[in-house]
Amino acid sequence: MSNAGGRRLSTHGDVERGEPIEVHIDGRMTQAFAGESVAAALMAAGIRAFRTTARTGSPRGLYCGMGVCYDCLVVVDDRPNTRACMTYLKPGMRIQSQAAWGPRENVDTTADGPR
Ligand code: FES
């Protein structure tokens, strides 16, 4: 499992990744690496919209990548409003897209486009 899904950059032997782990993203078992952020796992899984806003339902995702903007909020192990960019993965972690202030229901896990 060199890049776990094909959307990660090749390390070309210059970068060591953590141990391979499995996490659940919107109910799907997903391969990832220890030491990665939740945001990295979502991006590697092809997910760009992590949540939708409470007022207009607009999609939001990784923006600042350093804990400032709060655009990357997701539900992690039933805890909503978790910043994906500031949270390290743990084996078996359950990550859900968020709508407004809670988990997004009825996520179409077969969609290839923006969610
Ligand atoms: S991307 Fe801005 S807080 Fe996470």
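Strand E5 (residues 73-76) and strand E7 (residues 94-96) pair in the antiparallel sense over two bridges, where strands are DSSP runs of E with at least two residues and helices are runs of H or I with at least four, both numbered from the N terminus. Pairing here requires that DSSP finds at least two bridges between two strands. The structure is a predicted model, in which local features need pLDDT of at least 70, side-chain atom pairs count only at pLDDT 80 or more, and totals for chains, interfaces and linings use all residues. Residues are numbered from 1 along each chain as its sequence is written.

The confidence of the model is expressed as pLDDT, the predictor's confidence in each residue on a scale from 0 to 100. The mean pLDDT of the protein chain is 88, and 86% of its residues reach 70 or more. Over residues 109-115, by contrast, pLDDT stays under 50. For that stretch the model has 10 contacts beyond four places in sequence, a contact being a pair of residues whose C-beta atoms, placed from the backbone, lie within 7 Å.

Among contacts in the protein chain with a separation of 6 or more, 42% join residues 24 or more positions apart.

Strands of a sheet pair through backbone hydrogen bonds, in either a parallel or an antiparallel sense. In this model, five strands form an open sheet with mixed pairing, in the order E2-E1-E7-E5-E6. The edges of this sheet are strand E2 (28-33) and strand E6 (79-83), each of which pairs on one side only. From one strand to the next, the twist averages 40°, based on axes that are lines fitted to C-alpha atoms (for helices, over the stretch in contact) and on angles from 0 to 180 degrees between N-to-C directions.

E5 and E6 run antiparallel and are joined by three bridges.

Strand E8 (residues 98-99) and E9 run antiparallel and are joined by two bridges. In this pair, Ala99 stands opposite Gly102 in E9.

Most residues other than glycine have a negative phi. His12, in the segment before strand E1 (20-25), has a positive phi near 50°. His12 counts as exposed because it has 6 C-beta neighbours inside 10 Å; the cut-off for exposed is 12 or fewer other C-beta atoms within 10 Å, for buried it is 20 or more, and partly exposed lies in between, with C-beta atoms placed from the backbone. Tyr70, located in the loop between strand E4 (59-60) and E5, also has a positive phi, of about 65°. Tyr70 is partly exposed because 14 other C-beta atoms lie within 10 Å. Tyr70 and Asn81 are 11 residues apart in sequence, with their C-alpha atoms 8.4 Å apart in space.

Of the 115 residues of the protein chain, 25% count as buried. In soluble globular proteins, nonpolar side chains tend to be buried together. A nonpolar core is defined as a set of buried Ala, Val, Leu, Ile, Met, Phe, Trp, Tyr and Cys residues joined through C-beta atoms within 7 Å. The largest such core has 20 residues, of which Val38, Ala41, Leu42, Val74 and Ala84 touch the most other members. E1, helix H1 (38-44) and E5 are the elements that give two or more residues to this core, and H1 supplies the largest share, five residues. Beyond four places in sequence, Ala41 touches Val23, Ile25, Thr30, Ala32, Glu36 and Leu89.

Tyr88 lies in the loop between E6 and E7. Tyr88 counts as exposed because it has 12 C-beta neighbours inside 10 Å. Leaving aside residues up to four places away in sequence, Tyr88 touches Gly35 and Ser37. Tyr88 and Phe33 are 55 residues apart in sequence, and their C-alpha atoms are 9.9 Å apart in space.

Technical notes: Contact = placed C-beta atoms within 7 Å.
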